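Let's walk through this fold together, one region at a time. Please keep the sequence and the 3D view side by side as you read.

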Amino acid sequence: MNHANSKVVLLTIDDAPDKNALEMARILKKLSAPAIFFVNGHFIDTPEEAEVLKAIHELGFAIGNHTYSHYNLKTLSEAQQYNEIVSLNDRVEEIIGERPKFFRAPFGSISDYSRKVAKDENMILMNWTYGYDWEKEYQSKEALADIMINSPFLVNGANLLMHDRQWTKEALEDIVKGLRNKGFTPVDPAQISQEIE
């Protein structure tokens, strides 16, 4: 079914698992659409939150590192940067039994030192191609689905950035179906082996 020349996109969800991530994972699972959930440590502090992360992982989704506290890494000392990245990997491993394979810096702002820490942790660095769900005009199901599917930046290999938000959850099924209607297949993160924008 999956031909080498098929058009692929990568679905990513940041700032998880806040209030919507588990339901988003269930929607994606129902649609057989793989994705990476980039987590923040402050969302997995409690046993209840840890269970949510475990459930997302058990649904088959890749868990990525989006730092412990979502600070701009370039504003932190090296010791703080190290802690933001490595303590989250430790926590994720404690919960799901494996360390994240992907790293995305908050705001896309990464220092040379953080880049080195991520590499030392054997993580693949990731940025994104486009995302819109934090902009006021796209905080509704219809507007967000429309722009995610019809963005001028939608190209083969695009890395689609979404967040753990109510309106994104509501738009998710339409986004996946719309992308597929345009011939795009959500790629399995396990097939990614190098840095991608």
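Let's begin at Thr67, which counts as buried because its relative accessibility is 0%; buried means under 20% relative accessible area, exposed over 50%, and partly exposed in between, with a 1.4 Å probe and protein chains only. Thr67 sits in the loop between strand 3 and helix 3, where helices (H or I, at least four residues) and strands (E, at least two) are DSSP runs numbered from the N terminus. Although Thr67 is not a glycine, its phi is positive, at about 75°. Most residues other than glycine have a negative phi, and most peptide bonds are trans.

Before going on, a word on what you are looking at: this is a predicted model, in which local features need pLDDT of at least 70, side-chain atom pairs count only at pLDDT 80 or more, and totals for chains, interfaces and linings use all residues. Residues are numbered from 1 along each chain as its sequence is written, and side-chain values use heavy atoms, with hydrogens and water left out.

Asn122 lies in the loop between helix 4 and strand 5 (124–125), and it counts as exposed because its relative accessibility is 66%.

Now move to strand 1 (residues 7–16), where you will find Asp14. Is Asp14 buried or exposed? At 2% relative accessibility, Asp14 counts as buried. Leaving aside neighbours within four places in sequence, Asp14 is in contact (heavy atoms within 4.5 Å) with Phe38, His66, Arg104, Leu161, Met162, His163 and Asp164. Follow the chain onward and you meet a cis peptide bond joining Ala16 and Pro17, with omega about -15°. Pro17 lies in the loop between strand 1 and helix 1.

Helix 1 comes next on our tour. Its buried residues are Ala21, Leu22, Met24, Ala25, Ile27 and Leu28. What covers them? The cover includes strand 1, strand 2 (36–39), helix 2 (47–58), strand 6 (158–163) and helix 6 (166–181).

Helix 1 (21–30) also takes part in the largest pocket: helix 1, strand 3 (62–65) and helix 3 each supply at least two residues of its lining. Rolling a probe the size of a water molecule over the atoms shows where empty space is left. Here a 1 Å grid over the protein atoms alone is used: a pocket is an open set of points where a 1.4 Å probe fits, with protein on both sides within 12 Å along at least five of seven lines, and lining residues have an atom within 4 Å of a point. The largest pocket has a volume of about 320 Å³, a volume being the space filled by probe spheres set on the points, which are joined across faces, edges and corners. Of the 24 residues that line this pocket, the closest to its centre are Gly60, Phe61, Ala62, Asp188 and Pro189. By class, the lining holds 16 nonpolar, three polar and five charged residues; Ala, Val, Leu, Ile, Met, Phe, Trp, Tyr, Cys and Pro count as nonpolar, Asp, Glu, Lys and Arg as charged, and the others, Gly among them, as polar.

Let's turn to helix packing. Helix 3 (residues 78–96) and helix 4 (residues 112–120) pack at an angle of about 35°, with their axes 10 Å apart; axes are lines fitted to C-alpha atoms, for helices over the stretch in contact, and angles run from 0 to 180 degrees between N-to-C directions. The contact is made by Glu78, Gln81, Tyr82, Ile85 and Val86 of helix 3 with Tyr113, Ser114 and Val117 of helix 4. These residues divide into five nonpolar, two polar and one charged.

Helix 5 and helix 6 pack at an angle of about 35°, with their axes 8 Å apart. Among the contributors to this contact are Leu144 and Met148 of helix 5 and Trp167 and Ile175 of helix 6. Eight nonpolar, two polar and three charged residues make up the contact. Elsewhere in helix 5 (residues 141–150) is Glu142, which counts as exposed because its relative accessibility is 58%.
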